[in-house]
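Subject: Structure for you to look at

Hello,

Here is the structure I promised to pass on. Please open it next to this message and follow along; my notes come after it.

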Amino acid sequence: MDISNIDYSERIPNNVDLRSDRRLQRALERWQPNYLDWWRSMGPEGFQEDHVYLRTAISVDAKGWAHFDFVKMPDYRWGIFLTPSENDRKIAFGDHLGRDAWDQVPGEYRNLLRRIIVTQADTEPASVEQQRLLGQTAPSLYDLRNLFQVNVEEGRHLWAMVYLLHRYFGREGREEAEELLERQAGNPDKPRILNVFNEPIEDWLSFFCFAMFTDRDGKFQLGALAESGFSPLARTTRFMLTEEAHHLFVGQTGVERVIRRTAEMMNGDDDANVRPLGGIPLDLIQRYINRWFSLSLDLFGSEVSSNAATFFAQSLKGRFDETRRHEDHRALDEGLIIPVVRGGKLVNEEIPLRKAMNESLRDSYIADCEKALVRWNRELKKAKLTYRFTLPNRRFHRHQGEYADHYFSPEGDLMDEMDWRAREDEWLATSDDRAYVASLMECVIEPGRFANWIAPPKRGINNQAIDHAYVKFSGYDRR
Ligand SMILES: [Fe+2]
Ligand SMILES: [Fe+2]
């Protein structure tokens with residue numbers, strides 16, 4: 001069988017020859033209706049009978065894997081797609097460097113690997129839950145379609161992880177798969193595992209910031225897992241990354257279009273007030289950036305982490321682009337200098353590199369975010385404005401790791417709590433900010449029209465026109 005092609009004649013589309021493992025196939029077919037129930041109750045509210053211009057993977061080849069068509073969301077063919085296995089794959093880092101990669105779970109790493117997979121898996125349905133009401137205030141059909149594309153793909157990422165749990169982790173894996181449908185974003189009794197995935201996403205600026213900053217954490221976590229010595233995990237996450245790229249595009253260009261629209265309203269005047277015109281002020285956008293960037297930084301975990309060291313040592317989770325790095329892939333002799341708070345002062349401490357793997361991944365992430373900032377600031381420059389966006393320092397507003405119990409300014413300076421609280425509203429989106437943004441949200445469903453607070457995109461999806469009818473309403477399922 002050609003591994004790059006996906007078999008759509010099966011109830012669960014796949015390229016893993018599911019048919020040859022009847023037990024596994026039956027177990028997943030039993031999970032499938034539970035998944036669909038979850039989608040109907042916790043997925044996008046409304047729009048389930050509408051036809052959405054969605055892409056579906058038809059092959060996992062580098063080229064031409066995507067196929068676009070109008071699909072009702074519940075009919076989206078969620079399936080199991082892995083990039084083809086490499087012959088003679090070798091482990092690229094850690095203590096097992098150079099040995100044959102594993103096609104089965106090494107017994108001694110079973111619990112750790114399961115934990116890594118469950119933590120990643122939990123984020124996928126969580127974001128769909130967080131975003132479930134956004135369709136009702138979509139600024140255009142183009143944006144509505146992008147939201148739903150992201151949502152169905154996050155659903156598919158859940159499938160990808162659930163396949164690994166069912167296939168490789170026996171009864172415990174099946175139980176974890178059930179629990180993935182039971183926890184709920186923001187539910188006080190059964191919350192999602194990671195904090196930012198319990199934060200509500202109530203407006204579209206939050207959605208764009210989430211897709212820009214929080215989904216980008218996903219890119220780096222998946223990139224690190226794509227290096228794993230456990231090949232099925234590496235192959236699954238590689239294919240997820242190709243889908244993830246579109247989510248990041250939606251986030252980055254979404255914020256960019258808000259900036260472009262605001263800049264247009266400001267008409268070259270740095271002091272212009274865009275509120276009377278219904279625009280989103282630049283300093284308010286900056287406060288959203290500060291909030292979502294800092295919340296997302298927490299997802300990388302502690303700066304100094306023995307768990308991270310273990311994951312690396314056991315060749316389970318590498319650095320971003322590990323294979324392509326020209327560095328010591330054992331990471332045994334080097335260290336990373338990390339500023340830490342000791343006796344009320346910031347001092348540099350050298351941390352053994354393996355223990356600093358979270359920080360290494362955070363470095364890669366921040367560098368990637370900076371690129372988007374450059375593009376956003378280009379919009380301001382083009383509009384002859386002097387305002388510039390910045391990323392706050394990585395120590396600002398953290399709830400995990402070395403900086404969690406201290407207060408830092410956006411420039412990274414240590415402050416006392418009182419001074420920090422006095423300025424908090426300058427730095428982080430306030431409830432007034434959020435109420436103002438919420439007041440601008442309106443549902444625009446006329447093809448080619450956009451809400452007043454956002455500029456149209458530069459081009460449509462899949463070479464379609466910007467005024468393409470990206471969602472066709474069924475007529476009775478309107479909000
Ligand atoms: Fe995802
Ligand atoms: Fe995503």
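His397 sits in the loop between α9 and β5; helices (H or I, at least four residues) and strands (E, at least two) are DSSP runs, numbered from the N terminus. His397 is buried, because 24 other C-beta atoms lie within 10 Å. The rule is that a residue is buried if 20 or more other C-beta atoms lie within 10 Å of its own, exposed if 12 or fewer, and partly exposed in between, with C-beta atoms placed from the backbone. The phi of His397 is near 55°, a positive value in a residue other than glycine.

This is a predicted model, in which local features need pLDDT of at least 70 and side-chain atom pairs count only at pLDDT 80 or more, while totals for chains, interfaces and linings use all residues. Residues are numbered from 1 along each chain as its sequence is written, and chains are lettered from A and ligands numbered from 1 in the order in which they are written.

Arg395 belongs to the loop between α9 (357-382) and β5 (407-408). Arg395 has 25 C-beta neighbours inside 10 Å, so it counts as buried. Apart from neighbours within four places in sequence, Arg395 is in contact with Tyr403, Phe408 and Gly412; two residues are in contact if their C-beta atoms, placed from the backbone, lie within 7 Å. From Arg395 to Gly412 there are 17 residues in sequence and 5.7 Å in space, C-alpha to C-alpha.

Ser315 also has a positive phi, about 60°, although it is not a glycine. Its place is in the loop between α8 (306-313) and β3 (335-342). Ser315 counts as buried because it has 25 C-beta neighbours inside 10 Å.

Leu112 is part of helix α2 (residues 110-130). With 17 C-beta neighbours inside 10 Å, Leu112 counts as partly exposed. Leaving aside neighbours within four places in sequence, Leu112 is in contact with Gln314 and Leu316. Leu112 and Leu316 are 204 residues apart in sequence, and their C-alpha atoms are 8.7 Å apart in space.

Now the chain as a whole. The protein chain has eleven helices and seven strands. Its C-alpha atoms fill a box of roughly 65 × 65 × 40 Å, taken along the principal axes. How does the radius of gyration of the protein chain agree with that of a compact globule, and what is its value? A compact globule of 479 residues would have a radius of gyration near 23 Å, and the protein chain has 23 Å, which agrees. That radius is taken over C-alpha atoms, and the globule rule is 2.2 Å times the number of residues to the power 0.38. Of the 479 residues, 44% count as buried. Among contacts with a separation of 6 or more, 70% are between residues 24 or more positions apart.

In soluble globular proteins, nonpolar side chains tend to be buried together. Here the largest nonpolar core has 112 residues, of which Ile117, Val162, Phe208, Cys209 and Val258 touch the most other members. Helix α3 (residues 141-168) gives the most to this core, with 15 residues. A nonpolar core is a set of buried Ala, Val, Leu, Ile, Met, Phe, Trp, Tyr and Cys residues joined through C-beta atoms within 7 Å.

How are α3 and α6 oriented to each other? Helix α3 and helix α6 (residues 231-266) pack at an angle of about 170°, with their axes 10 Å apart. The two are therefore roughly antiparallel to each other. Residues making the contact include Asn146, His157 and Tyr168 of α3 and Pro232, His246 and Val250 of α6. The contact residues divide into eight nonpolar, six polar and two charged. Axes are lines fitted to C-alpha atoms, for helices over the stretch in contact, and angles run from 0 to 180 degrees between N-to-C directions. Angles under 35 degrees count as roughly parallel, over 145 as roughly antiparallel, 65 to 115 as roughly perpendicular and the rest as oblique. Ala, Val, Leu, Ile, Met, Phe, Trp, Tyr, Cys and Pro count as nonpolar, Asp, Glu, Lys and Arg as charged, and the others, Gly among them, as polar.

Last, Asn273 is in the loop between α6 and α7 (282-297). Asn273 is exposed, with 11 other C-beta atoms within 10 Å.

Regards
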